Amino acid sequence: NNRKKTNIPKTPSKNTKKISMETPTKAMAKMYLTPSMHQRTVNIVKPSTPLQEARLKLHVSVLPKSLPCREEQFNDIYSFLHARLSDKSGGCIYISGVPGTGKTATVNEVIRCLKKSMDAGKLTNFEFIDINGMKLSEPRQAYVQIWKQLTGQQTTWEEAHKLLQERFSKSNSKRGMTLLLVDELDLLCTKRQDVVYNLLDWPTKTGAKLVVVTIANTMDLPERVLMGKVTSRLGLSRLTFPPYNYKQLEEIVASRLRGFNAFGGETIQLVARKVAAVSGDARRALDICRRATEIAENNDREIVSMIDVKRAVDEMIASPKIQAIKHCSEMERIFLQAVCSEVHRTGVEEVVFQNVYLQLGPLCTLNGETTPNVTEALAMCARLGAWRLLLCEHSRLDVYQRLLLNVSTDDVQFAIKAVDV
Amino acid sequence: MSLQTTLPFTIRKKSFYGNKGDTPSLDFSNASLGNTPTRRYTPTVKKMVDISSESESDSDAENVVNENNNITKTPKRRRDKNEAKEENGSTPPKQVKTLSPTTPSTLLGQLSLISPEKQDKLAPKKLFPSSKYSEARKALHSALPENLVGREAELCKLEEYIQFHLDNEMSGSLYVSGPPGTGKTASLSKIMLKPKFKKAFQIVYVNCTTMKSATTIYSKIIQELGLKTTKSARGSKTAIEKYLAQSHKMLLLVLDEMDQLETKNQAVLYSIFEWPSIPKSKLVLVGLANALNLTDTILPRLQARCELKPTLLHFQSYTKQQIMDIITERLREANVLDIFTGTAMQLLAGKVAAVSGDIRRALDIGRRVVEIAESQKMMQVLQPTNENDANPDSASTAESANEKPVDFKEVRSVLNNVYGGSENADSEENSFPMQQKILLCSLMLILNKSKNKDINLGKLHQVYRKVCMKRNLQVLDMSEFVSLCSLIETRGILRLMMKKEARLSKVSLQWDQEVLTAALQDKALTSEIISDVTCLTN
């Protein structure tokens with residue numbers, strides 16, 4: 001017996017046998033495997049220069065310890081959730097705002113604080129579950145995810161739904177509160193809206209002890225998309241995250257860069273103003289700053305200067321179409337001009353190929369080129385269509401296909417003139 | 001628990017059990033059982049517990065113990081009672097007489113029904129100094145209420161209807177309609193909880209939104225009835241019909257959110273509504289939905305046969321008086337009636353009744369008002385006494401001292417937030433990015449000055465471009481422009497009808513122009529752009 005024991009680790013064949021003893025299905029059923037990822041073989045390089053460090057800090061995934069400029073919303077959500085959890089009554093809250101305004105980050109921060117006070121014993125126990133509409137292949141998979149996070153078991157959605165229904169409709173004094181975060185709510189809306197209805201109906205049950213926090217982009221989603229009964233259950237506790245203005249964006253970037261002097265002068269302000277003028281998206285401001293550090297690094301600068309930021313902004317808020325027109329062949333540019341003049345002649349945006357071809361002849365002679373035949377012109381048209389400078393109909397319509405300019409006529413003129421000079 | 005020896009009846013009890021060496025806790029449970037209205041005695045006990053234990057958590061623990069005692073001890077008590085009777089011979093005055101006819105099972109039901117729950121809620125109120133607001137918040141919950149104020153007439157009708165069919169043992173169908181939040185489900189669940197119906201009926205309650213598809217309703221009903229299950233929908237349907245044709249107990253089938261059962265040819269709904277007319281079936285069918293005339297519009301064939309036609313019952317949306325009654329009743333139950341002033345309540349109820357008459361909304365707003373008042377007061381208390389954080393007792397006493405009722409002003413601000421709509425919310429914060437402002441102004445320019453009101457994104461971009469060029473602003477590319485439009489769309493100002501090409505998608509303004517100009521908050525820019533006709537020409 002003893003000898004056998006010592007033998008086992010030595011022989012490789014037995015070892016492998018032991019690992020592969022269970023068939024994959026069995027392992028799946030037991031669920032004792034936690035998914036793991038391959039380890040990298042080389043260590044990650046530590047950031048050495050201030051620019052690299054700044055870039056690391058500026059990454060979108062790095063969550064700061066406290067979220068600047070969102071104190072008011074934080075307090076609102078915190079007091080709502082804290083009240084519900086300490087009252088042990090259910091409820092829902094709807095949070096909306098355009099992308100990149102810190103909705104999910106703020107909610108997660110609130111939940112972290114609540115968990116902290118739960119661990120300190122100031123708050124009754126609660127379970128936290130989060131689902132994301134974007135991560136579900138189908139709205140009903142939400143039941144599976146919720147049940148999985150509650151118990152760790154994986155079932156079909158019918159079964160999960162039944163179990164959840166039982167759990168939330170029966171009151172159980174031993175069970176604590178449950179906090180459910182539903183991100184991207186608008187993706188859970190189907191025609192029947194049964195998933196949304198159920199998610200919002202459970203909190204109204206007496207024994208459920210469920211608080212649902214829903215997040216979506218659209219401000220008027222309840223009125224626009226949801227049915228009357230679902231809106232009624234969603235309630236009126238709503239919170240809107242406004243887009244950041246330039247001061248706030250500046251503060252956000254500056255708070256991440258505290259302690260580094262990687263950015264010179266008023267560079268941050270330029271980024272903040274540019275982004276705030278368009279969308280007020282914090283992710284975008286951070287991305288532009290990161291790109292600016294990369295540009296500065298390529299140019300062997302210690303500090304990000306105004307020029308780098310300018311280039312980064314131009315890159316990120318770019319208009320590639322003029323570039324594309326500039327790099328077209330001579331004949332293609334003439335073709336675009338022909339389309340423009342046809343639009344000008346008819347006054348209608350949509351033009352027919354054969355009329356454009358008629359315009360093409362004189363324009364070619366003016367430029368001293370030989371006029372291409374119809375087949376060549378059609379091939380050009382198809383190329384421009386593939387670049388999306390033109391919108392074409394199907395090519396089997398030949399000369400009768402209608403064309404639409406996908407760039408403004410001014411852009412075409414501008415690009416062509418700039419080359420001529 | 002030792003304190004319970006001071007209960008008024010323990011003396012009597014001692015004479016019963018003095019020699020048996022029972023624990024005092026047993027004593028107490030006997031006392032609560034001794035007379036039928038158990039509720040009257042438990043509060044006194046509760047108080048004792050409260051006094052003995054200062055903190056909230058302690059009292060909670062006690063409560064749990066109490067409950068357990070109640071539940072676990074009940075069968076024993078019966079036995080004890082009998083023994084006591086046999087031993088002593090002398091019957092105690094009244095309690096046993098009222099008790100003796102009841103069976104243990106009903107007693108159990110009585111015990112678990114109300115008393116412990118209520119005590120649970122009441123207990124922390126007296127202890128916790130700052131809990132007045134939170135009590136009000138709890139009282140205004142939107143879960144199933146204990147008594148339905150303002151729905152007495154409908155409840156009466158419902159009960160009459162069911163009672164009538166019960167007395168005559170005949171089947172019937174009833175369709176209950178009403179806007180969301182008017183208490184349809186609450187009334188029905190109230191009816192279903194009535195002991196007399198519970199006894200006489202086999203009750204099946206199905207919420208149709210929980211069904212996977214319309215036809216799965218059959219298998220769900222079969223499950224509830226405890227029949228043998230079959231796999232196919234048709235099989236289960238015939239099984240139900242067979243069951244109905246046989247002699248059986250009266251069946252009360254409640255289908256909540258019935259409009260979810262709509263299918264293409266309405267086969268499911270028709271067959272369900274035909275069940276009451278099956279000979280010998282004793283089925284009372286109640287369907288709940290929002291639409292007033294669901295049975296007429298989607299089930300027109302029912303009109304042809306009078307015996308199939310369901311009786312209709314409509315739940316009107318709540319009036320102002322009813323909403324006020326409901327809120328006052330809730331607050332009175334929690335003993336915090338003075339949290340709302342009269343005018344505040346009038347305003348709240350009037351506004352909600354005028355807009356929707358949805359009680360969920362009214363309760364929601366009420367709760368919100370209380371929450372806001374609470375947080376405001378917290379600010380007031382915490383700011384001047386920051387050093388006081390160390391000893392929370394003094395802070396909390398200060399809180400309770402200036403716990404004043406919610407007034408007109410707070411209610412109005414919440415109502416304005418809610419019913420002012422999204423326009424109102426925007427005008428408060430100055431948060432339109434510059435490019436979005438220009439986009440909206442260009443749109444208004446086209447709408448006002450151009451002949452063609454059919455605006456697509458390409459055209460809008462053209463005008464926007466001109467406007468930007470004139471002001472020496474950076475012009476956004478078309479792809480950026482599309483995403484800018486969809487950002488504005490999330491606010492509900494625009495509506496984009498996406499076509500195959502982004503350039504061709506239609507844009508329509510959803511807000512009134514005056515409201516929009518007010519929201520933009522930049523009078524100079526707006527008026528300048530809107531009057532600038534030169535940007536329109538090519």
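**Chains A and B: a chat about the contact**

User: Hi! How many salt bridges are there between chain B and chain A?
Analyst: The count between the two chains is 10 salt bridges, a salt bridge being a side-chain nitrogen of Lys or Arg within 4 Å of a carboxyl oxygen of Asp or Glu. This is a predicted model, where local features need pLDDT of at least 70, side-chain atom pairs count only at pLDDT 80 or more, and totals for chains, interfaces and linings use all residues. Residues are numbered from 1 along each chain as its sequence is written, chains are lettered from A in the order in which they are written, and side-chain values use heavy atoms, with hydrogens and water left out.

User: Which residue of chain A does Lys212(B) bridge to?
Analyst: Lys212(B) pairs with Glu158(A), with 3.0 Å between the closest N and O atoms. Lys212(B) sits in the loop between strand S2 (201-207) and H12 of chain B, and Glu158(A) in helix H8 (residues 157-169) of chain A. Helices (H or I, at least four residues) and strands (E, at least two) are DSSP runs, numbered from the N terminus. Another salt bridge joins Arg137(B) and Asp87(A), at 2.7 Å from N to O.

User: Nice. How many residues does each chain bring to the contact?
Analyst: Chain B gives 55 residues and chain A gives 59, with contact meaning heavy atoms within 4.5 Å.

User: And what area is buried there?
Analyst: About 4,900 Å², with 47% from carbon and sulfur atoms; buried area is the accessible area (1.4 Å probe) that two parts lose on being put together, summed over both. Lys212(B), Thr490(B) and Arg503(B) supply 12% of what chain B buries against chain A, more than any other three residues.

User: Switching topic: how many aromatic pairs are there over all chains?
Analyst: Nine. Rings of Phe, Tyr and Trp (its six-membered ring) pair if their centres lie within 6.5 Å; planes under 30 degrees apart count as stacked, over 60 as edge-to-face and the rest as tilted. One of them, Tyr218(B) with Trp275(B), is tilted, at 6.0 Å centre to centre and 55° between the planes. Tyr218(B) is in helix H12 (residues 216-225) of chain B and Trp275(B) in the loop between helix H14 (267-274) and strand S4 (283-289) of chain B, so the pair ties together parts 57 residues apart in sequence.

User: Last one: what is the mean pLDDT of chain A?
Analyst: It is 86, and 91% of the residues of chain A reach 70 or more; pLDDT is the predictor's confidence in each residue, from 0 to 100.
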